[in-house]
Amino acid sequence: MSDEVLVPSLTMSLMGSQTVDPVSAPHWAAGAQGVFNVPKCDNCGYHRWPITHACYHCLSRDWSWDAVPGVGRVFTFTWIDQPTHNTAELQNIAVIELEGTTGEPVRVPGWVVEVDKATLRCDLPVVVDFDIVADGVGVPFWRLA
Ligand SMILES: [Zn+2]
């Protein structure tokens, strides 16, 4: 990829060489198709995040990617009061607890767009959207449902 990757939902570009890890590549490729997927254990059926080689629940090393609904709730968040880029809009970092998963709650990092400090709160329902940052690479972000 190039040395600058535009991330529209962050209204900024990431600088430096960006590469896709082969283990996580199917996640980003699914995102480019508008699908949010997470690892699912082939043995016990538990979903998980982050990507790990073994299941937290049963320790099986057999797993597959599984598409989940792409909806969830804000589990926690914080605001970035010092913008990371001079054109960046007000940004937050959020942890989203996914709906439609099996096993322990699956929580993923991200950010919520088009929301202000007075509105964003824990437990708000959100829906995923994706920035296409390169050919076949979709980066998820979240909007209020
Ligand atoms: Zn398992």
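## Overall build

Of the 145 residues in the protein, 26% are buried. The model described here is predicted. Its secondary structure consists of 1 helix and 9 strands, and their order along the sequence is β-β-α-β-β-β-β-β-β-β. The radius of gyration is 16 Å, close to the 15 Å given by the globule rule for 145 residues, so the protein is as compact as a globular protein of that length.

Among contacts between residues at least 6 apart in sequence, 52% join residues at least 24 apart.

## The five-stranded sheet

Five strands form an open sheet in the order S7-S6-S5-S8-S9, and their pairing is antiparallel. Strand S7 (107–110) and S9 are at the edges; each has a single partner strand, so one side of each is left without a neighbour in the sheet. On average, and with direction ignored, neighbouring strands of this sheet are turned by 35° against each other.

The antiparallel strands S6 and S7 are joined by 4 bridges. Ile96 has Val108 in S7 as its bridge partner. Helix H1, residues 25–32, packs on the sheet and touches S8 and S9. The direction of H1 makes about 65° with that of S9.

## The nonpolar core

In soluble globular proteins, nonpolar side chains tend to be buried together. Here the largest nonpolar core has 18 residues. Those with the most contacts inside this core are Val74, Ala94, Ile96, Leu98, Val112, Val126 and Trp142. At least two core residues come from each of strand S3 (36–41), strand S6 (91–98), S8 and strand S9 (137–144). S8 supplies the largest share, 4 residues.

Leaving aside neighbours within four places in sequence, Val126 is in contact with Gly72, Arg73, Val74, Ile96, Val112, Trp142, Arg143, Leu144 and Ala145.

## Ile132 in strand S8

Ile132 belongs to strand S8, which covers residues 125–134. This residue has 16 C-beta neighbours inside 10 Å and therefore counts as partly exposed; a buried residue would need 20 or more.

When residues up to four places away in sequence are not counted, Ile132 touches Ala32, Val137 and Gly138. Gln33 is 99 residues from Ile132 along the chain, and the C-alpha atoms of the two are separated by 9.2 Å.

Key: Residues are numbered from 1 along each chain as its sequence is written. This is a predicted model: local features need pLDDT of at least 70, side-chain atom pairs count only at pLDDT 80 or more; totals for chains, interfaces and linings use all residues. A residue is buried if 20 or more other C-beta atoms lie within 10 Å of its own, exposed if 12 or fewer, and partly exposed in between; C-beta atoms are placed from the backbone. Two residues are in contact if their C-beta atoms, placed from the backbone, lie within 7 Å. The radius of gyration is taken over C-alpha atoms; the globule rule is 2.2 Å times the number of residues to the power 0.38. A nonpolar core is a set of buried Ala, Val, Leu, Ile, Met, Phe, Trp, Tyr and Cys residues joined through C-beta atoms within 7 Å. Two strands pair if DSSP finds at least two bridges between them. Axes are lines fitted to C-alpha atoms, for helices over the stretch in contact, and angles run from 0 to 180 degrees between N-to-C directions.
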